[in-house]
Amino acid sequence: MITFLLSLLALVLGYVLYGRFVERVFGPDDRVTPAVAKADGVDYIVLPTWKIFMIQFLNIAGTGPIFGAIMGAKFGPAAYLWIVLGCIFAGAVHDYLSGMLSMRNDGAGQPELVGRYLGLPTKRVMLVFSVFLLMMVGAVFVYSPALILGKMFSDDLVWVYIWCGIIFVYYIIATMLPIDKIIGKVYPLFAISMLFMAVALMVVLFVKWPTLPELYNGISGEGFTTPIFPALFITIACGAISGFHATQTPLMARCVKNEHMGRPMFYGAMITEGLVALIWATVSMYFFYGGAAQELGMPLTLQAPEVVTAVSEGWLGTFGGILAMLGVVAAPITSGDTALRSARLIIAEFIHLEQKSIMKRIWICIPLFGCTMLLLFFNIENPDGFNVIWSWFGWSNQTLAVFTLWAITVYLVRNKKNYWITLLPALFMTVVCTSFLMVSKNAFGFDISVGYAVGAFALVVSICWFALWLKKEKEKR
C-alpha cells in the first residue's frame, strides 16, 4: 500500500505542478471560444464547468481505466509506474493540448488538427484511421453490455442480439440529438457513480490495508512472464495515455466558454482517470496477489468484467452490485455513443457538411451505423472476434496518440514554445506501437527480440526525421 499512497500523491502533485507548467507553455487567453463564436444549439453549446468536467471524464474513461488497470495489474507494480508517469507526462499533456488546439482551431476534430500540422496525406490517413477506431469502440462497447444484459434473461444468443438492437437504437437517438439533451443531462450522473465506486473501494482498501507487491520489491508480478515492454503500455491505455481521448476532447472543446477552463477540464479529467485506474490496479493486485480472490471465493482466472462484479458486490454489497452494473453496462454504452458522435462530426468536417440540419446528420449516420453493425456482427459470430477487435483497438488507440503528439509537437515548434513536453512522449509511444505491431500474434507475431530491434530502428528514424525537419523550420525564420 506504500506504493499506492505515493502514487496517489504523485498524481495530485502532477496536476498542481506539471499541469500548471504545461498550461504556461500553451498560454491560454481571453479570446472568444468556438462555443460562443459558432453556437448552433446542437454541437456548439456553452455548458456549465462542472458538467463539462463530468462529461469529459466519462467520455475519455468509460470502462478503460477499470478493465485496462485490471488486466495491467497482472504485470505487478510496473503498472503503478506507467499509470503515474504516463498520466502526468503523456496522457494529461496529450488531452490538454489536443483540447486547447481544438479550441484554437474552431473546434476542429482530431484528423483536421493532424492534417493542419502534419500535412494533407496524413490527414486523409487519420480520417480513415480515427473513424475506423471509433467504429470499433462503438462495436466493442455494444457487445460487452449486451452480453451481460442478455445473460440476465437467458443463455440464448437471441437475447444478446435483442440488447444490441436496443443499444443501437439508443445510439442513434443520442448521436442525433443536441449534446445538451441526453449527454449533458444524464452522463454527469454516470460519471459521479463511477467516481463514487472508486472512492468507496479506496476506503475499503484503507480499512483492509492488505499486503501488496511494492515497487521496492521489484516491478514484475509474481509468476508473470509476459514481457512488460511493450505489452503493459498497450494494455493500460485510458489510465495513462489514449489516442481515443483526442477524438473526444473536441466534443467538450466546443462547449467551453473560456480557455482558462482548459486545465481542469482536460488535464484534470485525465488525472482523475489516472486516479481511478490507480485504485482499480491496487484492487486487482489485492485480488490476484494479496488473497482477495480467496476471500471472495473466486478463481484467479476471472475476466475483467467479472472481477469488477465480484469485488464490488463482495465489498460494497447490493449497492456495490448496482454501481458495478453501471460501470460495466452504462459506462461502455456512453463511450460508444460519444465515439459515434465524434465519428459523425469528423466525417462532416471532412466533407464540409453542416450538422445543424437533422437530415444532414442522418445522411452521415446511416452508413456510419451500418459499418459499425458489420463489425459488431463479426464480433458476435466469430469465436475470437472480440479478442481480435480489442487487440487492434488497443494498438490503434495508442497509434492515434502517436500522431496526435507529433502534430502537437509541430504546433509547439512553429509557435516557439517548449516542444520537449510532447516530443519525448511522442518518441516513446512511437517505439511502443512499432514494437507491439511486430510481436502481437494478431499482427506479425515475431519474436520479442525482433520487436525490440524494430522499435529501436523506429526511434532512430524518428529522431533523425525530427532533427532534419527542425533544422528546416529554423532556417525559414
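The model is predicted: local features need pLDDT of at least 70 and side-chain atom pairs count only at pLDDT 80 or more, while totals for chains, interfaces and linings use all residues. Residues are numbered from 1 along each chain as its sequence is written, and side-chain values use heavy atoms, with hydrogens and water left out.

**Aromatic rings**

- The structure holds 26 aromatic pairs; rings of Phe, Tyr and Trp (its six-membered ring) pair if their centres lie within 6.5 Å, and planes under 30 degrees apart count as stacked, over 60 as edge-to-face and the rest as tilted.
- One of them joins Tyr 15 and Tyr 267, which form a tilted pair because their planes are at 45 degrees, with the ring centres 6.2 Å apart.
- Tyr 15 belongs to helix α1 (residues 2-26) and Tyr 267 to helix α12 (residues 262-289), so this pair ties together parts that are 252 residues apart in sequence; helices (H or I, at least four residues) and strands (E, at least two) are DSSP runs, numbered from the N terminus.
- Is each partner buried or exposed, or in between? Tyr 15 is partly exposed, with a relative accessible area of 23%, whereas Tyr 267 is buried at 0% relative accessibility; buried means under 20% relative accessible area, exposed over 50% and partly exposed in between (1.4 Å probe, protein chains only).
- Trp 82 and Phe 428 make another tilted pair, since their planes are at 45 degrees; the ring centres are 5.9 Å apart.
- This pair also links distant parts of the chain, with Trp 82 in helix α5 (residues 78-104) and Phe 428 in helix α17 (residues 420-439), 346 residues apart.
- Trp 82 counts as buried at 7% relative accessibility, and Phe 428 as partly exposed at 33%.
- Ring pairs also link Trp 406, Tyr 419, Trp 420, Trp 465, Phe 466 and Trp 469 into a cluster.
- Arg 263 lies over the face of Tyr 15, at 4.7 Å from the ring centre; a charge sits over a ring if NZ of Lys or CZ of Arg is within 6 Å of the ring centre and within 35 degrees of the ring normal.

**Salt bridges**

- There are 11 salt bridges in the structure, each being a side-chain nitrogen of Lys or Arg within 4 Å of a carboxyl oxygen of Asp or Glu.
- Asp 43 bridges to Arg 344, with the closest N and O atoms 3.3 Å apart.
- Asp 43 sits in the loop between α2 (34-37) and α3 (49-61) and Arg 344 in helix α14 (residues 304-351), so the pair ties together parts that are 301 residues apart in sequence. Both Asp 43 and Arg 344 are buried.
- Glu 259 forms a salt bridge with Arg 104, where the closest N and O atoms are 2.7 Å apart.
- Glu 259 is in the loop between α11 (244-253) and α12, and Arg 104 is in helix α5, so parts 155 residues apart in sequence are tied together.
- Glu 259 is buried, at 1% relative accessibility, and a network of salt bridges links Asp 29, Arg 31, Arg 104 and Glu 259.

**Nonpolar core**

- The largest nonpolar core has 165 residues, and those with the most contacts inside it are Leu 97, Tyr 171, Leu 232, Phe 266, Tyr 267, Trp 280 and Trp 315; such a core is a set of buried Ala, Val, Leu, Ile, Met, Phe, Trp, Tyr and Cys residues joined through side-chain atoms within 4.5 Å.
- Helix α12 gives the largest share of this core, 18 residues.

- Helix α6 is mostly covered, with 7 of its 9 residues buried.
- Arg 116 and Glu 112 form a salt bridge, their closest N and O atoms being 3.1 Å apart. They are separated by about one helical turn because they are 4 residues apart in helix α6 (residues 110-118).
- Arg 116 is partly exposed at 40% relative accessibility, while Glu 112 is buried at 14%.
- After α6 comes Gly 119, whose phi is positive, near 105 degrees.
- Ser 130 is found in helix α7 (residues 120-153) and is buried, at 0% relative accessibility.
- Which residues does Ser 130 contact, leaving aside its neighbours within four places in sequence? They are Gln 110, Pro 111, Thr 247, Ile 346 and Leu 400, where contact means heavy atoms within 4.5 Å.
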